Protein chains: 2
Amino acid sequence: MIGMSVAWRAAAVGHRVQLVDAEPASGASNVAGGMLAPIAEAWPGEEELLELGEASLRLWPAFADELGRASGLPSGLRREGTLVVGVDSADRAELDSLVDYLARLGRTVTRLTSREVRRLEPSLGPAVRGGLEVPGDLAVDNRLALAALRAAAAAAGVDFVAANAKRVRPGAVELEDSTVDCDVVVIAAGVHSGALHPVLKDRIRPVKGEILRLRARTTALPPPSRTIRGPVRGRQTYLVPRDDGGLVLGATQYEVGFDTEVTVGGVRDLIADAERLLPGIAEYKLVEAAAGLRPSTDDNLPVLGWLEPGVLAATGHHRGGFLLAPVTGEAVLALLHGEEPATEIKAADPSRWGGQ
Amino acid sequence: MIGMSVAWRAAAVGHRVQLVDAEPASGASNVAGGMLAPIAEAWPGEEELLELGEASLRLWPAFADELGRASGLPSGLRREGTLVVGVDSADRAELDSLVDYLARLGRTVTRLTSREVRRLEPSLGPAVRGGLEVPGDLAVDNRLALAALRAAAAAAGVDFVAANAKRVRPGAVELEDSTVDCDVVVIAAGVHSGALHPVLKDRIRPVKGEILRLRARTTALPPPSRTIRGPVRGRQTYLVPRDDGGLVLGATQYEVGFDTEVTVGGVRDLIADAERLLPGIAEYKLVEAAAGLRPSTDDNLPVLGWLEPGVLAATGHHRGGFLLAPVTGEAVLALLHGEEPATEIKAADPSRWGGQ
C-alpha cells in the first residue's frame, strides 16, 4: 500500500517512477483489515503515532476522492465510523482508561451503554457490555484500494518493474541480475525493508497477523455497518465490514519471524473472540484465512525520512499502512522537493535512532 | 470415487467405458476424510451396512495393490488402524454400548484405558478417557486414491466425457446438447443422482459435511499414526492422518440442501472437538477448509442394482464412498455379466423400496 501510494503521488506530480516489486500488493496490505482508526486504536505513550494517524485520517477523504477519479474504480473508503466495545469488566475498565486518556489529550469520545451500543448495531451480542462511539474513525476495503491504486499509478505513468530488490544504494536499486538506476530511491518494502539498507537493519521486524474473511449468508444477520473494535478478554479484536456483505475479522499478533502460515489456534481465537461480539457470524461463510507480516519498529512509528542522500525510507508502518498512506505520500513529496514535511512526520524520522 | 472405480473396473475387464462428468473427482470424494472403518463407525440397526462395509474392507488391500500397479501412483491406503476414543462419561458410555453391540454381533474389539490409549498415540490429550483399538479399520488418502484411479482408468481405456448428465434412459445418457449412447448406463452421480432417473427421485438427499485439512508445523507434535475416531461431547469427530504430516479433521453433518459453503460455526466446532482429542493441533497449519455433499438414503445403505433394464444404479453411498468402492465395483461387474452379486449387496438393491 505504501509503495504504490508513494509511486502514484510522485508520478501524479510529474516524477518518472519505477516501482520495483515482483508481486505488487501481495504482502501485508493484501491481508489487512483496512481500519483507519487512530482514536479507537490510541494507546498511552503513543501520542506521536496518534497525531500522525489523525493527520493522515484528515487527508483520507480527499485521497479517496482523487484515487477514485484517477483510477475510475471505487476507492473502498467506508464512512460509517467505528464503535469500540468491551465484553467483561476488565474490558470495560480498558475502555474507561481509553476515554480518560483521550480526554487528557483533548479528544472527546462518547461513552455508550450496552443498550445504546445495540441500538446502533443490533447484531452485537448480549456479551457486549458497553462501548465508545468514534464516528470519525473510518475503514477502507484494502483490496479495492489496492486495485484502484494500481490503476491510478499505471494511469499516472508508473513503470512496474516485476522484480525484487536485493539492495539499495544512492541512485540505484540492485536486483538479482541487474540494476535500476534513478535519482532517488524510496524504500517501501514492508518487512523486507531491513535487508535493503544498513540503517534499517534490525530496525524492522515482522509481526505476524492472521485474519479471516467472512461473508454473511442469506440465513444470517447482516454485518454491522460500523467497524467494531474491542478488547475481548484482553485480546484486541476487530470486525471491519465490507460493502458486499463481507466482514474481515482480525487480527492475531505473534512475533515468530517470517512465518505466514495460518495456524489452527489463531483461527480458533479469532472466531471465539469475534463470536462474543457478533454471535451471528457462526452462520457466516468462511471465505478465506490468511496471514501477513506487519513491518514493525520498536516504537511503532514508521520510518519516514532520508537514510542518506538519494535514499528515502517510507516503511515500518506496523498496523498503519492504510491509515498512514496519505500522510506518507505527502511527506515523501515534500522531502523529494526539499520542503519541510508536516510537523507530525518529524517523530518518524530515522534520525530518532541517532547516528544519521 | 464410485464412478471412477466402476469405470476403471469395467474397463479393466474389457468393457468400453465412457465416464460422463464435467469435473471428475470434484465432488464429495474430493472433500472426504477417507476412513475405511466399518467397525469404528458401526451403529445399532445398521447391521447390513456393517456387513457390506466389512466385505468391502476385505477387498481393499488387493484393490489398492492393483490400483497402484495399474496407475503407477500411490493408492493412498494407510494400514495403521483406527482408535475410537471418548472424552467424557457420556462418550465412554457410548464406547461401552459400541463394544456390547459389536460383541453381540460376534465382533470383538479391545477396550483400552486412557493410559493404554496414550501409550499407542502419545499426542492424544489428557481429556481422552479411554478407547477401543480397531487395527483392522484403515484409511485412504482420498486425493491420492482419486489421482491413481484417474490414471488407472485412463490406462484401461476409459473415455472421459467432460459434460454433465441431464437425464438417463436405457441405452443413453442425455447431456445439455447431445446424447451419449451405450449398452448400459451406470448412475454414479453422487447427490445429483436423484435428478437422473425417476426411481431415484427424492431417494438421495444431500447431507453437507465440512472438513479441515491441516499440516503439522515443525514446532508441533506430529499427528497420530492411527485414525482417531471419537464422540466428543456427543459429536462424531475423526482425525485421519496422511503420509505427508497432514491431518484431516471431520466432519460436520447438516441437512441443508445443496449448500457447499463452509460456515464459521462449522469450523469452530471442528477445531473445538479435535482440540479436545489432540491439543497440539493449535500449532498446526490450516491448509484448507472445504464442504461436500454426501449422497444419502433413508437407511444409509447405497443403491446398488438395476433400476430398469439397461440402467444400473451405483450411488447413495452416504459417508462410505471410499470404503464401499471395491465391493461396489465387484457388484457392478457381476450385475453387468448377469451373475449373482455378493450376498451383502442384496440389502442395497433398489427393490427394497418396492415397486421395481
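**Helix 6 of chain B and other parts**

A: Start at the N-terminal end of helix 6 of chain B, which B:Asp141 caps: one of its side-chain oxygens is 3.0 Å from the backbone nitrogen of B:Arg143. This is a predicted model, where local features need pLDDT of at least 70, side-chain atom pairs count only at pLDDT 80 or more, and totals for chains, interfaces and linings use all residues. Residues are numbered from 1 along each chain as its sequence is written, chains are lettered from A and ligands numbered from 1 in the order in which they are written, and side-chain values use heavy atoms, with hydrogens and water left out.

Q: What span should helix 6 of chain B have at 1.5 Å a residue?
A: Its 14 residues, 142–155, should span 20 Å, and the end C-alpha atoms are 20 Å apart, so the two agree. The expected span is 1.5 Å times one less than the number of residues. Helices here are DSSP runs (H or I, at least four residues), and strands are runs of E, at least two.

Q: Which residues of helix 6 of chain B are buried?
A: B:Asn142, B:Ala145, B:Leu146, B:Ala148, B:Leu149, B:Ala152 and B:Ala153. They cover an arc of only 165° around the axis, so they sit on the same side of helix 6 of chain B. Buried means under 20% relative accessible area (1.4 Å probe, protein chains only), and the arc is that of the directions from the helix axis to the C-beta atoms.

Q: What covers the buried residues there?
A: The cover includes helix 1, helix 3 and strand 13 of chain B, among others.

Q: How many bridges join strand 14 of chain A to strand 15?
A: 5, and the strands run antiparallel. Two strands pair if DSSP finds at least two bridges between them. A:Pro231 stands opposite A:Gln236.

Q: And strand 16 of chain A?
A: Strand 15 of chain A is joined to strand 16 by 4 bridges, also antiparallel. In that hairpin, with 4 residues between the strands, A:Gly245 has a positive phi near 85°.

Key
Buried < 20%, exposed > 50% of the residue type's maximum accessible area, 1.4 Å probe, protein only. Contact = heavy atoms within 4.5 Å. Polar contact = N/O pair within 3.5 Å; in protein donor to acceptor, adjacent residues only side chain to side chain.
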